Every structure is written in C-alpha cells, then in structure tokens.
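Student: I've got a new structure open and I'd like to walk through it with you. Can we take it one question at a time?

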There are 2 protein chains.
Amino acid sequence: MKKAIGIDFGGTSVKPGVVLDGKIVEFAERIPTRSHEGAESLLAAVLGAVEELRAKHPEVCALGAGLPGIVDSVQGRVGELTNVPGWKDVCLTKLLEERTGLPAAIDNDANAMTYAEWLYGAGRDAVNVVCVTLGTGVGGGLILDGKLFRGSQLGAGEIGQMTIDPHGVRGHYGNFGALEKYVGNNQIGERAQQLYREAGLTKSSEECDPLALQNAADGGDAIARKVWAEVGFNLGITLCDIVWLLNPDRIVLGGGVARAGEYVFGPIRELIRERTMRIFHERLEIVPAALGNDAGIIGSAALALEKATAAARA
Amino acid sequence: MKKAIGIDFGGTSVKPGVVLDGKIVEFAERIPTRSHEGAESLLAAVLGAVEELRAKHPEVCALGAGLPGIVDSVQGRVGELTNVPGWKDVCLTKLLEERTGLPAAIDNDANAMTYAEWLYGAGRDAVNVVCVTLGTGVGGGLILDGKLFRGSQLGAGEIGQMTIDPHGVRGHYGNFGALEKYVGNNQIGERAQQLYREAGLTKSSEECDPLALQNAADGGDAIARKVWAEVGFNLGITLCDIVWLLNPDRIVLGGGVARAGEYVFGPIRELIRERTMRIFHERLEIVPAALGNDAGIIGSAALALEKATAAARA
C-alpha cells in the first residue's frame, strides 16, 4: 500500500495527516484558520506542515485536500473558503502540485468523507451508499454503482438543501423549508430551548448543543427525547425520498447529531420501514459513520491516490 | 446497426415492434391485455406476434420487454402484471429466450422509456438525465454518469413516491403525501372538478382529463391554468430535491401531463431557478419527452441489444 497526505480544510482549522491503507499514521499540528490573514498566509502554513510530514515520510506519493462548499474537483479550483478572507478562485490543485512536486487532488469535504467511509468505514462493501454529514450545516455524498457520484457540475449530494416543507422559511442557499433548517445543530438547539421554555425552563445554548441533549436524553429527559424524535422524523422524510429515488443498500450518518444514536436512528428506521416498500428497506442498513473526524483526511488522501493511480495507468 | 424486437407491456395492451437504430420499422398489432384469461394465453399471443415480426425481419437478433411495476431485470423475473390474473412470478427472460431462441432482456417500463429518451430522444447527449413519466401513476428513471442507474434492488427511480407533504394522505405504496397523489391524472382531474365546483360549475371527469384541461387552458380558462400551475409547483418541488441531490444536466418529462407544455414547464423552471443555486440550474435543461408512446418499444429493444452485445463481448 502507498502513503498519501490528506488535508482536511475545516471552518475553524486545517488538519493535515499521512495516511496508509485507510489509517492516519501521522498527524501534523492543526492550523487554526483564523490565525491567518488571508489565503497566501494560510497556504504557506499548510505547505510547511506538508513538508514536515514528508520529511518524516519521504515515501508519500500523493496529496489530497477536502474543502467545504462547492469545489471544482475537475478544474481543481476553489471559489471561496469559509473564514478565509482573500480566498478568491484559488487554483488549488495546480498550486499544490507546483509547490510540492506531488500529484494532487481536491474535492468537497462531504465527498472526501463519503469516499473514506465507503472504502474503510461504515459504507464498506456496499454498492450504493448515501452519506449524510450532520453539523452546523448538513451535507452529503453518494456512492452509486461503486463509484463516487459527483453530478454534472460536481454539485451532487446536497442533502441538506432538500425540502422538508415547501412552504417553510428560506434557507441560505435559496430553497424554502430545507432539511438543514430543521436538523442543523443551531436549529436543534433553538428547538430544544423553545420546548424547554414552553415547559417553564430556561436553558442556555450550551445546555442545548447535540452532546448535552444526548446526555439529557440518556438521563430520561422527555424534552430532549422529543427533540431527537423530531430530528429523526425530519431526517427520515428526506432519507425516505432518497430511498425511493436511489434504492441504496447503505445509509451512513456522521457528525454530532449521529452520536445521539437510537434516539435519532430509531425514528429514522421506523419511518423508512413504514413509508417505503419492503424491497426498498428490508436489506437497507442505516448506520453511524465509523471514522469520525478522521474521515476528511483519510478520504482526501484516498481520492488523491486514486487520481494518481488512474493518471499513471492512462 | 442491428434489428431488435421491443415489447411494451402496458396496463391495457401489449405492443411489440421491430426497432432499427432507434426507430420502429414495423409494428405488430396491439394485443389487448384483458382479452386473455391469464399469463399463458397472453404470452402465447405475444410470442405469436413476435414470430410474425421475425418472419418479415429474419435479421432480428435480440428481444426486449418493458413492464410496469418492480421488474427484476437481473434474474429476469416479473412478480405480477396489472390486469393479468394468474401472472405470478414469471421467469420472463428465460421463457422468452427458450421459446424464441433469441437473447432476451426485460426491464421496468420507466427504465425502458428513460433509456430510449437518452439514446434517441430528449435526453440525447446528456450525462445525467432524470426522466419522469406522468400518467395515472408517476414513475421515473435515471441515467447517471452515462449509464442506466437501477439501484441495489433494481427499484431506483420511483419519483412518484417521493414526498410532497410529510403529513399528507397515504398512497398505494406506503408513503404519505407522495407526489403521485398530487399529479397523477386522476388527482389532477379531481382537483379541477373541485375548483370548478367551488366556482359554481359542474364538469365531468372527461372534461377534466389532461387533454381537456390543456385545451381549456389554451382557451384562457383561469381554473385550468391554476390547476396546471399547481401541478407545476408540486412537480417542481420534487424535481428541486432531485436537482440538489443529483445535479443532473437534463430533466425529461413524458406522458399526458407533459403535453400541457408551458402551463406546467413554466412553473417548474421558475421554481427550480428560484430554489436552487445557479451552478445547479444554469445549464440544466427541462424538456418534454420526444418519443411519445414509442419509447417503451424502442427502449426495451435497445436494452436487449445492449445486453446481447455485452454478453458477446464477455
């Protein structure tokens, strides 16, 4: 097996690591996004970390990066990057290749996570996998017929923008009543605060973050359980539609919300069983992601290796 | 190019034809489904028609059939067939091959239509195509990355079962508030009758079928136009979700409802423009199907040829 470096560009930090056979064998120090004044300064720090990793692992033969938002993985271009002012239409693949001499690949972070979970995690051995990433935003990725599916403009997998209520409020990306507006971390917290308030209780937003709500549910808190059941219902509605449309054999849910376990997975499974035909759900597995925060690094390294191998073959 | 026979199994009749290069060069007489007492009698009539076609076109080298419902195209098995009592788990591919000596293939009728529109019709030259068939029921098919996508249990493309209203009434296949329950021919007719009634007008169901409503809309009838706008809105909501999920470059709408033209296509285009990001809609074409009722024969013939060619290559 070959070593590659994966770089996970997040909203708060950039995390590079060396990957061998689906495992991170060396992490570089996290690079806080906001500590840099612009794209050039951030990229210099990232490249410095890459050089340090390569000094320890000279056999590294490819370099991949996963980034939030719309990423043009074919042209290798990234229009903008959250929390990085001055990042404007960066030809990232070319820049990485020129500055490191390694073959490079970039992709959307949800695609990197999906690819990692499919090759090495909770999506293993499945043919059609739907991955959902649950956090402040809700994203997703698709493995279809055993290949990462990107869509005509490389935008596929925007599960968080699918409609829960056609007459709901308008979301950040234009759709009305989009899933993200119901199951994003902030919306879950606000909904919990609202239900507590209606019950005469005042809770801080910290007391209503996913982890706190999971603990509350574990402790028997009826309101926390109700919040999770609602989240499960809303996720279930969207997943139901995806099941009717794509007939997948595996659904993988990652991110903080997925850690709420059966409080969320239970209602989802029940809803899909109730609302789809048996042939669609009897062999469908709905499972939590297995690679956690490492998925971005592992997936972008794997995508870079795959691209380098395909290029060498051609 | 090679000749193949395509057989379109419909709810009311079975239509066989000889296809050359995406065109039907000879039709057999339609075989009314209800005129036969059971599966054996119907199949004998179909095989008789096939023999007549082959006598005129001895160079026919493959045989395909498109059927409604869940069709196991891999095992070649069809569980049941609408309006044909006694049809129970027929191993149709094997039966067709044994009785004709030709290589045979079977598929879902929406997949056959999708494949035909993609190869020879309104989906031509696109890479990711979403086809919707609008009639009493609402079905669909998907071309993804230039291949027919069938899903893990060969059930993919059930666009008519996707959710419009999570709290709506339950449909035939188990989902609540499914698209089919809003834009199926009967539902459109009932909605029109309801709106006319509210306006103090009594209309028969014949006066509210898709063609009559299209003529009424052409004549300036405000109620007919309102009905079509609602159909467009509901179709648009589901298509919007498919656009966010799959980022296709072509959407093809077929069947009676699609013939209402801009009364339906206008609202769909507007809604998708309004509710998705520019990158998802600026190059997306939303077009009516081009092959009409011939698509089933053409598509099943093409699928049979493709399968025979792949088998010869292997």
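Student: How many bridges join β9(B) to strand β10 of chain B, and do they run parallel or antiparallel?
Tutor: Keep in mind that this is a predicted model. A hairpin of 3 residues leads from β9(B) into β10(B), and Leu134(B) sits opposite Val138(B) in β10(B). Strand β10 covers residues 138–144 of chain B, and its direction relative to β9(B) is antiparallel, with the number of bridges being 6.

Student: And which residue of β12(B) is the bridge partner of Cys131(B)?
Tutor: Look at the other pairing of β9, residues 129–134 of chain B: 6 bridges tie this strand to β12, residues 250–255, and the two run parallel. Within that pairing, Val129(B) faces Arg250(B). For Cys131(B), the partner in β12(B) is Val252(B).

Student: How many of the 6 residues of β9(B) are buried?
Tutor: Strand β9(B) is bridged to β10(B) and also to β12(B). To count as buried, a residue needs under 20% relative accessible area. Strand β9(B) is mostly covered, and its buried residues number 5.

Student: Which are the edge strands of the open sheet in chain B?
Tutor: Read the strand order, β11-β10-β9-β12-β13 in chain B, with mixed pairing. An edge strand here pairs on one side only, and the two that do so are β11 (147–149) and β13 (285–288) of chain B.

Student: What about chain A: why is one side of β11 and of β13 left without a neighbour in the sheet?
Tutor: Chain A has an open sheet of 5 strands, ordered β11-β10-β9-β12-β13. Since β11 (147–149) and β13 (285–288) of chain A stand at the edges, what each of them has is a single partner strand.

Student: How much does that sheet twist from one strand to the next, on average?
Tutor: The strands in question are the 5 of the open sheet in chain A, with their mixed pairing. Going from one strand to the next, the average twist is 25°.

Student: Which residue of β13(A) is the bridge partner of Val252(A)?
Tutor: Start from β12, residues 250–255 of chain A, which runs parallel to β13(A) and is joined to it by 4 bridges. In β13(A), the residue that partners Val252(A) is Val287(A).

Student: Which helix lies across β12 and β13 of chain A?
Tutor: There are two helices to sort out. Helix α3 (residues 109–120) packs on the sheet and touches β9, β10, β11 and β12 of chain A, at about 50° to β10(A). The helix across β12 and β13, running at about 165° to β13(A), spans residues 262–275 of chain A and is α8.

Student: Is Asn234(A) buried or exposed?
Tutor: This residue lies in helix α7, residues 222–246 of chain A. Its contacts, leaving aside residues up to four places away in sequence, are Ile164(A), Leu179(A), Tyr182(A) and Val183(A). The cut-off for buried is under 20%. With a relative accessible area of 13%, Asn234(A) is buried.

Student: How far apart are the C-alpha atoms of Gly168(A) and Ala178(A)?
Tutor: Find Gly168(A) in the loop between β11 and α4 of chain A; at 14% relative accessibility, this glycine counts as buried. Beyond four places away in sequence, Gly168(A) touches Phe176(A), Gly177(A) and Tyr182(A). Along the chain Gly168(A) and Ala178(A) are 10 residues apart, and their C-alpha atoms are separated by 7.6 Å.

Student: Why is chain A called as compact as a globular protein of its length?
Tutor: Chain A holds 10 helices and 13 strands. The globule rule gives 20 Å for 314 residues, so chain A counts as that compact because its radius of gyration is close to this, at 20 Å.

Student: What share of the residues of chain A count as buried?
Tutor: Chain A exposes about 13300 Å², with carbon and sulfur atoms supplying 49% of that area. Out of its 314 residues, the buried share is 56%.

Student: Last one: which residue of chain A comes closest to the rotation axis?
Tutor: A rotation of 180° with 0.0 Å of shift along its axis puts chain A onto chain B, with an RMSD of 0.0 Å. That is how a two-fold axis relates copies. The same surface serves both, as 98% of the contact residues of chain A recur in chain B. Closest to the axis, with its C-alpha at 3.6 Å, is Asp165(A).

Conventions: Residues numbered from 1 in each chain as written. Chains lettered and ligands numbered in written order. Predicted model: local features only at pLDDT ≥ 70, side-chain atom pairs only at ≥ 80, totals over all residues. Heavy atoms only, no water. Pairing = 2+ DSSP bridges. Axes fitted to C-alpha atoms, helices over the stretch in contact; angles between N-to-C directions. Contact = heavy atoms within 4.5 Å. Least-squares fit on C-alpha atoms with pLDDT ≥ 70 in both. Rg over C-alpha atoms; globule rule 2.2 N^0.38 Å. Buried < 20%, exposed > 50% of the residue type's maximum accessible area, 1.4 Å probe, protein only. Areas by Shrake-Rupley, 256 points an atom, 1.4 Å probe, with all protein chains shown as cover.
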